[in-house]
Amino acid sequence: MILSREFRGGEQEETIVAIATAAGEGGIGIIRVSGSRAIDMARRLFVPAGKLSSETIAAKRQFLYGWVKEPDSQGRIDEAILLIMPAPHSYTREDVVEFHCHGGPSPLRRILDVLMRQGIRLAEPGEFTKRAFLNGRLDLPQAEAVMDVIRAKTDASLKMAVGNLAGGLSLRIRALRDDLLAMIARLEAAIDFPEEDIEELASTEAGSALVTTREVIAELLATAQTGRILREGLATVIIGKPNVGKSSLLNALLREKRAIVTDVPGTTRDIIEEYLNVRGIPLKIIDTAGIRETEDLVERIGVERARRIVDTADLVLLLLDASSPLSREDKEVLSLLPGREAVILLNKSDLPPVLTSEELAVFAPGRLVLKISVTEGSGLDQLEDAIAGMVYRDGLEPVDAAFVNTLRQADLLRQTDQCLIAALAAIDAGMPPDCLVVDLREAWEQLGKITGDTVGEDIIDQIFSRFCIGK
């Protein structure tokens with residue numbers, strides 16, 4: 001099923017309400033109401049201060065100070081400010097009112113309860129943004145960027161999210177769709193007017209344009225890995241044998257004593273996970289139990305978890321003791337690296353060296369090896385530079401490009417490219433223009449799924465179900 005952007009369902013005709021601020025105590029709390037009954041609810045519940053009455057609340061943009069009251073008893077619930085945003089000048093392009101009251105859970109719950117007793121439905125997760133999309137205020141990449149802005153963990157993540165919210169990715173996708181539509185129109189003209197003898201010329205022009213289009217798609221796909229990492233974080237696991245300095249490295253990178261550090265091997269038995277900012281990259285760093293054979297049941301469970309996490313990590317930091325020769329346990333850990341992005345760290349480089357980079361090259365050829373000393377803090381800047389170089393390996397920065405940052409977007413771009421490859425093959429085979437048009441229309445549809453112009457309702461529901469309630 002293809003969902004029209006002009007869709008107006010019964011679900012959207014209902015007026016909805018939700019608390020729009022985070023749970024807990026705060027200086028301010030906001031309750032948002034959207035729909036045809038929103039302004040009527042403001043008149044029922046809100047009494048402006050001074051000589052004004054509820055009847056003065058009109059369907060125009062207003063900003064009023066007063067009290068939220070029970071509609072029946074007129075008992076005061078809380079002092080508040082009322083914002084009125086009539087359609088289409090609101091986030092959802094519907095009538096919207098917001099009650100800005102004190103940020104404690106009690107007044108917010110009380111006002112929410114009163115509104116729901118008046119027949120206003122509690123909003124589903126992401127329903128306000130979903131209505132903004134359905135009413136044409138946002139397209140799908142912009143709607144997805146709303147949550148990216150909220151969840152951004154670094155300045156770089158925020159810049160990328162704001163760029164997509166401003167329409168950076170959408171503009172490039174729409175330009176590609178426009179180019180494809182122009183090609184389709186040219187080819188269909190050749191089909192409709194065969195006497196003009198322009199079929200061959202139209203196919204030749206389409207072939208040249210498709211090569212350029214594929215280059216643009218390749219540029220966008222090149223941003224996908226960096227975009228995903230900036231959005232979700234770089235899953236980084238620290239591994240090594242016991243007592244090699246893994247927890248000390250975690251503490252040094254976090255610049256706080258997060259993990260317990262002792263001289264007793266096997267201190268870390270479970271997974272410790274933290275986020276940190278490395279050159280604008282959100283690093284989801286995981287400290288694991290030392291990998292070794294052990295009879296201790298709890299430690300053995302931790303070792304097995306460490307092995308499983310290595311399989312799913314974006315980056316592995318393998319820690320070795322530079323002051324000791326390679327042990328059997330070290331070689332076992334090194335055997336986990338093939339097929340994975342990894343950096344080998346020679347810790348304790350402040351001590352007389354025993355293990356060298358040249359010796360390591362035999363067991364881990366081609367791997368980046370850095371000398372560090374966790375106790376002295378040396379080599380950590382080089383480690384951060386190396387991580388940044390891996391993420392920004394194509395010179396991409398959030399201020400420079402529109403980013404593909406979801407698997408959905410990347411997969412649809414790859415499907416589009418496959419359609420273009422098929423179209424180019426049809427041209428090479430000398431097939432008639434109507435065969436090309438089939439592939440080009442499919443490519444146009446796939447790009448429309450990215451922006452939300454030709455997307456299924458089930459996909460829409462899936463995307464917005466990941467949002468928080470109140471957004």
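## The six-stranded sheet

An open sheet of 6 strands runs in the order S9-S10-S8-S11-S12-S13, with mixed pairing. Its edge strands are S9 (272-278) and S13 (368-371), each of which pairs on one side only. From one strand to the next the twist averages 25°. Strands here (E, at least two residues) and helices (H or I, at least four residues) are DSSP runs, numbered from the N terminus. Two strands pair if DSSP finds at least two bridges between them.

This is a predicted model, where local features need pLDDT of at least 70, side-chain atom pairs count only at pLDDT 80 or more, and totals for chains, interfaces and linings use all residues. Residues are numbered from 1 along each chain as its sequence is written, and side-chain values use heavy atoms, leaving out hydrogens and water.

Within this sheet, S8 (residues 234-239) and S11 (residues 315-321) pair in the parallel sense over 4 bridges. Ile239 has Leu318 in S11 as its bridge partner. Helix H9 (residues 224-232) lies across S8, S9 and S10 (281-287), and runs at about 70° to S10. Axes are lines fitted to C-alpha atoms, for helices over the stretch in contact, and angles run from 0 to 180 degrees between N-to-C directions. Contact means heavy atoms within 4.5 Å.

## The seven-stranded sheet

Another open sheet has 7 strands, in the order S3-S4-S5-S6-S2-S1-S7, and its pairing is mixed. S3 (46-48) and S7 (121-122) stand at the edges with a single partner strand each, so one side of each has no neighbour in the sheet. S5 (residues 76-85) and S6 (residues 96-101) pair in the antiparallel sense over 5 bridges. Met85 stands opposite Val96 in S6.

Two helices lie across strands of this sheet. H2 (residues 38-45) lies across S2 (29-34), S3, S4 (62-69), S5 and S6, at about 35° to S6. H3 (residues 105-117) lies across S1 (16-19), S2, S4, S5, S6 and S7, at about 15° to S2.

## Helix H6 and its buried side

H6 spans residues 155-165, and its buried residues are Ala156, Ser157, Met160, Ala161 and Asn164. They cover an arc of only 135° around the axis, which puts them on the same side of H6. That arc is taken from the directions from the helix axis to the C-beta atoms. Buried means under 20% relative accessible area, exposed over 50%, and partly exposed in between (1.4 Å probe, protein chains only). Just after H6, Gly167 takes a positive phi of about 100°.

## Arg172 in helix H7

Arg172 sits in H7 (residues 168-192). This arginine is partly exposed, with a relative accessible area of 30%. Leaving aside neighbours within four places in sequence, Arg172 is in contact with Val216, Glu219, Leu220 and Ala402. Arg172 and Leu220 are 48 residues apart in sequence, and their C-alpha atoms are 8.9 Å apart.

## Cysteines

The count of disulfides is 0, taking a disulfide as a pair of cysteine sulfur atoms within 2.5 Å. Cys101 is buried, at 4% relative accessibility. Cys435 is partly exposed, at 26%.

## The whole chain

The chain has 17 helices and 13 strands. Of its 471 residues, 51% are buried. Among contacts with a separation of 6 or more, 69% join residues 24 or more positions apart. The chain exposes about 21900 Å², and carbon and sulfur atoms supply 52% of that area. Accessible areas come from the Shrake-Rupley method with a 1.4 Å probe; for residues, only the protein chains shown count as cover.
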